[in-house]
Amino acid sequence: SRASIAQFLNISQSELFLRSASLLKSLGVEYVVDAGSAVDVALMESREEFLQRYQRTSSSPATPSSRWIRPPTTTAVSSTAVKAFDDNSSNQPPTVMNVGPCPSTPSLLPLLTSNCPGWICFAEKTHPQAIPYISTVKSPQQILVSIK
């Protein structure tokens, strides 16, 4: 990581970034951007999404759809179906359920977030019942790529 290299060279991280940027620009790279700014953007967007969901949830009466209920234990069968296991009774066979579309304007809490696109992919494939709770904010990597 940048911190390890900076410590090894006994210089600050910002000095290492400037030296690295100069080297890359001398090799013909047009833009050198620090990913820290994208992390800040993702954090601000996550804050806004949480506040919107929280305000929607707290302004509406407590209905079963607005309160968090523990989803059943599931295993992915395909990209559109899961096997749901009844946690209360181990004698019943698992039931196969089709996964419905996720809401276009999520208002559910808790809000699950991750900066790792791999975790989001894993959650979508193995725990589709959690999709409505996953943040819609792009990862810092995706934000950085979208900046022109």
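In this predicted model, Ser139 is buried, its relative accessible area being 5%. That value falls under the 20% limit for a buried residue, so Ser139 is assigned to the buried class. Ser139 is located in the loop that runs between helix α4 (117-126) and helix α5 (140-146). Its side chain makes a polar contact of 3.1 Å with the side chain of Gln141. When residues up to four places away in sequence are left out, Ser139 touches Asn115 and Pro117.

Another loop residue, Asn10, is placed between α1 (2-9) and α2. Asn10 is exposed, with a relative accessible area of 70%; the exposed class begins over 50%, which is why Asn10 belongs to it. The backbone of Asn10 has a positive phi of about 60°, although Asn10 is not a glycine. Ser139 is thus buried, whereas Asn10 is exposed, and each lies in a loop between two helices.

Helix α2 comprises residues 13-26, and Leu23 is part of it. The relative accessibility of Leu23 is 52%, and Leu23 therefore counts as exposed. Leu23 also belongs to a nonpolar patch on the surface, formed together with Leu24, Leu27 and Val29. The accessible area of these four residues together is about 360 Å².

Terms used: Residues numbered from 1 in each chain as written. Predicted model: local features only at pLDDT ≥ 70, side-chain atom pairs only at ≥ 80, totals over all residues. Heavy atoms only, no water. Patch = residues over 30% accessible without salt bridge, like charges linked within 9 Å, V, L, I, M, F, W, Y side chains within 5 Å. Areas by Shrake-Rupley, 256 points an atom, 1.4 Å probe, with all protein chains shown as cover. Salt bridge = Lys/Arg side-chain N within 4 Å of Asp/Glu carboxyl O. Helix = DSSP H or I, 4+ residues; strand = E, 2+ residues; numbered from the N terminus. Buried < 20%, exposed > 50% of the residue type's maximum accessible area, 1.4 Å probe, protein only. Polar contact = N/O pair within 3.5 Å; in protein donor to acceptor, adjacent residues only side chain to side chain. Contact = heavy atoms within 4.5 Å.
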